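Let's take a walk through this one together.

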Amino acid sequence: MRKQGEYLLRVGQLPHIDLQVLPFSVGAHAALGSAFTVLDFLGAVDPTIIFTDSIGGGLFEESPEEVDQYVAIFGDVQGSA
């Protein structure tokens with residue numbers, strides 16, 4: 001894992017990357033059981049969408065209610081990092 005840590009330290013210096021670490025002391029959190037990516041585009045033309053990933057494949061969530069729920073979860077986890 002040393003090389004992974006060195007890589008993260010290196011890319012964390014780039015101006016367009018924010019590296020945040022969620023410590024184990026936070027314990028269980030809302031994003032623990034599922035991996036997801038928030039795809040937020042510049043401009044108002046394309047709405048924010050969510051990509052959820054699982055063993056069987058991926059799914060794009062586009063409904064405003066689902067997107068809002070995932071964005072709120074991301075904000076909570078980000079606030080704990």
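**Starting at the hairpin**

Find Ile 50 first: its bridge partner in E3 is Glu 61. Before going on, bear in mind that this is a predicted model, where local features need pLDDT of at least 70, side-chain atom pairs count only at pLDDT 80 or more, and totals for chains, interfaces and linings use all residues. Residues are numbered from 1 along each chain as its sequence is written, and side-chain values use heavy atoms, with hydrogens and water left out.

E2 pairs with strand E3 (residues 57–61) in the antiparallel sense, over 5 bridges; pairing here takes at least two DSSP bridges between the strands. The link from E2 to E3 is a hairpin of 2 residues. Strands (E, at least two residues) and helices (H or I, at least four) are DSSP runs, numbered from the N terminus.

Stay in E2 (residues 49–54) and pick out Thr 52. Is Thr 52 buried or exposed? With 12% relative accessibility, Thr 52 is buried, on a scale where buried is under 20% relative accessible area, exposed is over 50% and partly exposed is in between (1.4 Å probe, protein chains only). Leaving aside residues up to four places away in sequence, Thr 52 touches Ala 35, Phe 36, Gly 57, Gly 58, Leu 59, Glu 61 and Tyr 70. A contact means heavy atoms within 4.5 Å.

Arg 2 makes a salt bridge with Glu 6, and their closest N and O atoms are 3.0 Å apart. The term covers a side-chain nitrogen of Lys or Arg within 4 Å of a carboxyl oxygen of Asp or Glu, and the structure holds 1 of them. Arg 2 is exposed at 69% relative accessible area, while Glu 6 is partly exposed at 37%.

Finally, the whole chain. Along the sequence the pattern reads α-β-β-β-α. The protein's radius of gyration is 15 Å, well over the 12 Å that the globule rule gives for 81 residues, so the protein is more spread out than a compact globule. That radius is taken over C-alpha atoms, and the rule is 2.2 Å times the number of residues to the power 0.38. The C-alpha trace spans about 40 × 30 × 30 Å along its principal axes, and 14% of the 81 residues count as buried.
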